[in-house]
Amino acid sequence: MDVKKGLKYDFTLLGILLIPVGVSLNVVGYQLSTVLKLPIFVDQIGTVLVAMLAGPWVGMLTGFLANVVNGMLNPVAIVYSLVAILNGLIIGYASRFKLLTNIIGTIITCAVMNVVGSVVGGLITVFVFGGATGVGTDILAAGLVAAGQALFASVLTVNLITGTFGVMVNVGISWTIVRKLPDRFLVKLNYGMPYVKRK
């Protein structure tokens, strides 16, 4: 029997219990990226993981809550919560339609996630923060502006390049964790069946 999916059904007890796990993973990733001044952000591992297993709505809420928690330490993070929300929705729907069970579907999902995140993040960076937020990639964007490229185009270019690697790391780590989970746990989740190893 097919499990019912959607906003009304995704918030199961197990789905809700995954939220603090996902938030914690995101917060740790964000702190690592910020403290180590990494050129990529690994702050969406929890969002991707929860969205894969519990669906788009639970993933969306996980991403939002993680950015709120990160915003207590760095208010900049709260403004970018829209990116985390969209990531949760994209990954959740990709999981719903079983796109993350094969390499082609995973690549397409990562590409969509990167483009959407880069455009939305770029708009926020330019129109809310004037093009710079104090992260390591600001230097690259400034270099492109100095070379004569428009501010938004510069920020978008840098976001697309660094975002490609960031998305690959976030999705890759989450996918690896999901593959390591026991089948008896996966079958209890609304979106876990496609990742069961023994059908």
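Colleague: In what order do the elements of the protein chain run from the N terminus on?
Modeller: From the N terminus on, they run α-α-α-α-α-α-α-α-α-α. The chain has 10 helices and zero strands, where helices (H or I, at least four residues) and strands (E, at least two) are DSSP runs numbered from the N terminus.

Colleague: Why is the chain called as compact as a globular protein of its length?
Modeller: Its radius of gyration is 17 Å, close to the 16 Å that the globule rule gives for 199 residues, so the chain is as compact as a globular protein of that length. The radius is taken over C-alpha atoms, and the rule is 2.2 Å times the number of residues to the power 0.38.

Colleague: What are these values based on?
Modeller: This is a predicted model: local features need pLDDT of at least 70, side-chain atom pairs count only at pLDDT 80 or more, and totals for chains, interfaces and linings use all residues. Residues are numbered from 1 along each chain as its sequence is written, and side-chain values use heavy atoms, leaving out hydrogens and water.

Colleague: Turning to Ser 174, is this residue buried or exposed?
Modeller: Ser 174 counts as buried because its relative accessibility is 0%. Buried means under 20% relative accessible area, exposed over 50%, and partly exposed in between (1.4 Å probe, protein chains only).

Colleague: Where is Ser 174 placed, and which residues does it contact beyond its neighbours within four places in sequence?
Modeller: Ser 174 lies in helix H9 (residues 151-180). Those neighbours aside, Ser 174 contacts Ile 45, Val 48, Leu 49 and Met 52, contact meaning heavy atoms within 4.5 Å.
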